[in-house]
Each structure stands twice: as structure tokens, then as C-alpha cells.
Amino acid sequence: MGSVSTSHEMGLHEEQLRGRTQQMFFSATEEENYTYPWSYEVDFNKAADFDAADMSIAEINVKIRELMQSGHGTITVKNPRAKHSLGVGILNRLNLNFEGSLGYFGCGLIDGPNVRISGRVGWSCAENMMAGTVVIEKNAGSLFGAAIRGGDLVCKGQAGARVGIDQKGGTIIVGGSVGAFTGFMMQRGRMIILGDTGDNLGDSMYDGTIYVAGKIASLGVDCVETELTDLDKKYLKGKLELYDMEAPNGIDSIVKLTSGKQLWNYDNLEPTEKKLVL
Amino acid sequence: MCGIAGLIWKGGVTSDIGSEMTQMLQALKHRGPDSTGFALYGKGEEGVYVLRFKVAEQEDMATGFDIHKQVIARKAEVDTRLEEMGADVTGREDATEYAYRYHFKFSGDLKRLIDFIEDIEGVEILSVGRGLELIKDLGDATVVSEQYGLNGFVGTHAIGHTRMATESDVDIRSAHPYWAYPFNDVSVVHNGQLTNYWTNRRDLERRGHRFMSNCDSELIAVYIADRIDQGDELESAMRRSIDELDGVFTYLVATSDQLGMAKDVMAAKPMVLYESDEFVGLASEEVAIRSIFPREIDTWDPYQGEVKVWAA
């Protein structure tokens, strides 16, 4: 499906607008709520693999799209050799496996695929992910899961600094330790850290929840410890089992952190206005 | 957004570090295309110093008035002054039209000799050392490596830099690595920006240190030199720098037998580390390490405020 026919199918070239939102009248089936109109029909049982050792970044990403177009639902990329920006912008159902490591911006801007990476990832992995799962067997760099909005992002090794900065949804799970400023300005979603954390954990977080099993170097501004309820424990147990992970000292030892909401000034007057009132 | 890379073979193993560093830096070309620099550490001969110096900038060679005569005059003056100070020059090589590599034997005060040579207008000493050879010029890694014939350089460890000029000019004097004048065999590469550059620079200048450029990264080399001068070990000097230098930085330092890395408390600049029993490789991006190890390897990112030092 080329770009020309896509725009035609969306009704962009017709007088009478048709589309998923304002453009098309439709009776949504359940399936339609979970896929884009231009997504490829893929069969998970139809597998393909290719060697990416001598391919450029663009060639690899185009190759993945071509394979999806021909109905392949399981794609294995061999020898990614830590190249940057691999597997980005996939808005489709897909089982994508990387046999090796990715560089910066790996699997960014994705919506839907289930990705497995047998190596490590560099900075900004799964940035702005909307849905799907990304499971990394080894370590991750800084800015892991920056601004993600949904889905599960799992790193079984350690991650760098600023994990889940600006997180707006979804779940980030890190099996090892994380660096400074983890959960900085987090807005929603959950984060589970099974190792130790660096300084300023959850600094200036607006909302959302951080679970930590290891030692916390220091808490950031307005990040407070709260009670771990039975519901939390049930959730953690389920989530960790799903990815075959375990809290080192059991689920009961996990600390739950949320925003103290002392920095919520949206409904209040500006400081200068306050002076006038008082 | 510069790219930095370092490698060290442990246990005195030697390898073709010239080609290895060229490959690593070429893989980081997209992080900085302005200039490339190498600090390579060979075995060296007992009692012999290697001197790398330049007498003009690449730009001067293209546009300078009467520059070719000046270059010859400046080089002749260097020769005269070396002789005057009693240095026994055993080898002279032209690396380029404006950069040279000398071997010399000398038993006197090295700092006085260096100061006397640098007093000549347009002359900058890039490095003096028993093992260290510092090469930097405009262009990407392959260009510089070919220009200076670095492939096949055998040694134990090396650091390198691809520069994207943000704080100062595109010329050789602002290119990395920086040599920690006047200490032989100490060099530094840096990725980041220092915000208390002028405060520290004035402080160090009052204590007699020399700055050859307006590049903030030079401060780290001078700072390390100052700490060594005051009797610090490399590792303690680097730990101290984490508190005393302000800004964002990840830097690598190499001495005659050590390689060290330090990262600021914000962990703002990247560094990927690969360590095996015989080799340590560091780079801003994993692709650089992969350029010499195509197989799957385990790497990780050092954390904020971390300092590590390895011995050759």
C-alpha cells in the first residue's frame, strides 16, 4: 500500500469526507478500535528473518515495512550491530525480534508491536511509545522510555539516567538499577524498579506511581512514599510474573512512591495575584 | 555534541591502536564533523621524547600572507632553540606541511624547553611524551588518519575525539585531545560544556598554567595537570573535578600507562562502556565499539558522577 493510495483511501481527495474521525462515517467494530485504517494485515505464523549487518538504517526500516506488507507477522532482524533508530514508527500488530543490540532511539514512536531485543539498547529507547510491549534482555541507556503513553517497556538489565522522564502512561519495568532523575516530571503511568535508584528519584512528578525494590539514593522534590496496598501487591505480582521477573526481597519489601502534589498550582492564583488578594 | 572514544589493552598487550581508533572515530563522525584528534600511546624508546608541534593553522596555509616562508622560518627557529637548550634531536619527520614530529633526548628542565619553543609566534606544541603522540587536524577520522599515516601505529591505549564546535572556532588549536602541559604523556578529550570556565581559567592562569585556545575543554587538561602538579593521583584528581568543574561533561584522560573516565553528576553526556579481561573500550555510542568488535558484546552506561581508571 503506497502513500498515494493511503491518502485516497482516507478520503482526502474526495468532496464528501470519509474517514475514521471527521472524515469517514463508520460503525466501528471492536477490531477497528485497535488498528489504524492503513495497517497491514499480518499473520503471526508467517515468519521471516534477514541479516542487517551490511544494511543502512533506512534500508532495515524499509525492509521491515516491506515484510509487513507481504503479510509477515513475525520478523527477526539479525546483527543490528547497535545501529540507531531501528524499528521506529511501527503502527501495526507485529512480533519483532532483534538478535543483538540497538543504538539510540530504538523502537521509538511505536503503536502496537511486540518487540524482543536480545541485546542492549542505547539512549531514548521506545520514546513516545503508544502501545505494545518492548522487552530488552540486557541493559538500557539513559532516557529509557521517555514520554511513553502506553504499553509495557521492560529492561531486564540496568538502565541509565532519566528513565521514564515525562512518562504519560504505560508501565516501565527495570530489572536492575537506574540512574539519577528517574521519573523526572512523570505525569501518569507506573514504573517498577527492581534495583537501586540514583539521586532525585521522581523529581517534580505530577502524578503516577513508582515502585522501588532496591535502595533509593535520594528522593526528588515532591516525591513521597505512600502505603503499598494489597491491590498494588496483586498488580506487581501479576506484572512481574508476566515478564518472568522477581523482586529481590519479595513484593512486600517494595516501596511505593507518588507525587506529594505540593507543586500543583494550576487552580491557585499566581504568586503576584496572591499578594493582591492578601 | 562531540564524540569521544577510548580504548586500552590490559596487561601490556599491544595492538594496532592507530587503525582501531580511526575506525571508532569514523563510526562517530555524525557526532562531529569539524575536526578529529587522536592521542595514541606507543611503547616509546627509553630516554627519548617524542615532540609533536605545529607552526601554522590549516586555514593560514590557504590564506596567510607569505605563510610558506614563515613556516620554514618558524621551523628553523624551533631547531635553533632546541639546540640552544641542549636537546639532542635524533629524528625529524614532516607529518604535514605545517606539523612535525621530532625525537629528541634531553636531560634538563622540560618545562623551560617547552616554554622557550612555544615563545615563537605561531608555534604550538601538541604533545611531548615518551609514548604519547597527539595528532589533531580538520576533517573526519579517515582523512586525518591518512594525512598523518596513523594506520599501523602499535601501542597499548588511545583516546580520540570528533568535534562539533559549539564554544569556540573550527581550528587545530581548539581541537581535542588536549595535552596537559607541561606533563609529558597526559592527554584529555571531552564531550560537553563547562559553565565555570572563566572562573577556573583565571584561577589556573594566576598559578602559571598556559591556555592556548578559548575552548572550554582545554580547562580539563590544565585542571588535571594542576592537580598532578600538586601531588594528586590521576583518580583523585578526577574525583575532585566532578565537584569543582561545573556544567555537563563526560571526559577521558590518558597517561603513559592509564586510561580514566569521569561523568558529571547530571549524567547529561553519553558514555558506553565495554570491559573484558584483556580490553576496555569506551565511546559516546556503542556503534564505535562495534566497529572494532562486530560480534555481540555486553556493554553498559556508567552512572552519574562515576570515575573509573584502568591500567595498561
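This note sets out numbered points on a predicted model with chains A and B.

1. Chain A. The secondary structure of chain A comprises four helices and 11 strands. Of its 278 residues, 42% count as buried. Among the contacts in chain A with a separation of 6 or more, 26% are accounted for by residues 24 or more positions apart.

2. The contact between the chains. Chain A contributes 21 residues to the contact and chain B contributes 15 residues. On the side of chain A that touches chain B, the residues divide into 12 polar, five nonpolar and four charged.

3. Domains of chain B. In the contact between them, 15 residues of domain 1 of chain B meet 17 residues of domain 2 of chain B. The side of domain 1 that touches domain 2 in chain B holds six nonpolar, five polar and four charged residues.

4. The six-stranded sheet of chain B. This open sheet runs in the order β8-β3-β10-β1-β16-β15 (chain B), with antiparallel pairing. The edge positions belong to β8 (132-138) and β15 (272-275) of chain B; each has a single partner strand, so one side of each is left without a neighbour in the sheet. From one strand to the next, the twist averages 5 degrees. Helix α1 (residues 17-27) of chain B packs on the sheet and touches β1 (3-9), β3, β10 (157-163) and β16 (279-283) of chain B. The direction of α1 makes about 30 degrees with that of β10(B).

5. The five-stranded sheet of chain B. Another open sheet has the order β11-β12-β13-β14-β17 (chain B), and its pairing is antiparallel. Here β11 (178-179) and β17 (307-311) of chain B are the edge strands; since each has a single partner strand, one side of each is left without a neighbour in the sheet. Helix α7 of chain B packs on this sheet, touching β11, β12 (187-194) and β13 (247-254) of chain B. Its direction makes about 125 degrees with that of β12(B).

6. Pairing around β13 of chain B. β12(B) and β13(B) are joined in the antiparallel sense over eight bridges, and S187(B) has A254(B) in β13(B) as its bridge partner. β13(B) also pairs with β14(B), again in the antiparallel sense, over five bridges. These two strands, β13(B) and β14(B), form a hairpin with three residues between them. As for covering, β13(B) is mostly covered, with six of its eight residues buried.

7. L252(B) stands opposite M261(B) in β14(B). M261(B) in turn stands opposite K308(B) in β17(B). Strand β14 (residues 258-263) of chain B and β17(B) pair in the antiparallel sense over five bridges.

8. The largest nonpolar core. In soluble globular proteins, nonpolar side chains tend to be buried together. The largest nonpolar core of this model has 144 residues, of which I193(A), A5(B), A180(B), I224(B) and L252(B) touch the most other members. Helix α7 (residues 218-229) of chain B gives the most to this core, with seven residues. Which residues does L252(B) touch, not counting residues up to four places away in sequence? They are I4(B), G6(B), I159(B), V189(B), L259(B), G260(B), M261(B) and L282(B).

9. Strand β5 (residues 88-94) of chain B has seven residues and the number buried is zero, so it lies largely in the open. This strand pairs with strand β6 (residues 99-105) of chain B in the antiparallel sense over six bridges, with Y102(B) in β6(B) as the bridge partner of R92(B). A hairpin through four residues joins β5(B) to β6(B). Helix α6 (residues 197-206) of chain B is hardly covered, the count of buried residues among its 10 residues being one. After α6(B) comes G208(B), whose phi is positive, near 90 degrees.

Conventions:
Residues are numbered from 1 along each chain as its sequence is written. Chains are lettered from A and ligands numbered from 1 in the order in which they are written. This is a predicted model: local features need pLDDT of at least 70, side-chain atom pairs count only at pLDDT 80 or more; totals for chains, interfaces and linings use all residues. Two residues are in contact if their C-beta atoms, placed from the backbone, lie within 7 Å. Ala, Val, Leu, Ile, Met, Phe, Trp, Tyr, Cys and Pro count as nonpolar, Asp, Glu, Lys and Arg as charged, and the others, Gly among them, as polar. A nonpolar core is a set of buried Ala, Val, Leu, Ile, Met, Phe, Trp, Tyr and Cys residues joined through C-beta atoms within 7 Å. A residue is buried if 20 or more other C-beta atoms lie within 10 Å of its own, exposed if 12 or fewer, and partly exposed in between; C-beta atoms are placed from the backbone. Two strands pair if DSSP finds at least two bridges between them. Axes are lines fitted to C-alpha atoms, for helices over the stretch in contact, and angles run from 0 to 180 degrees between N-to-C directions.
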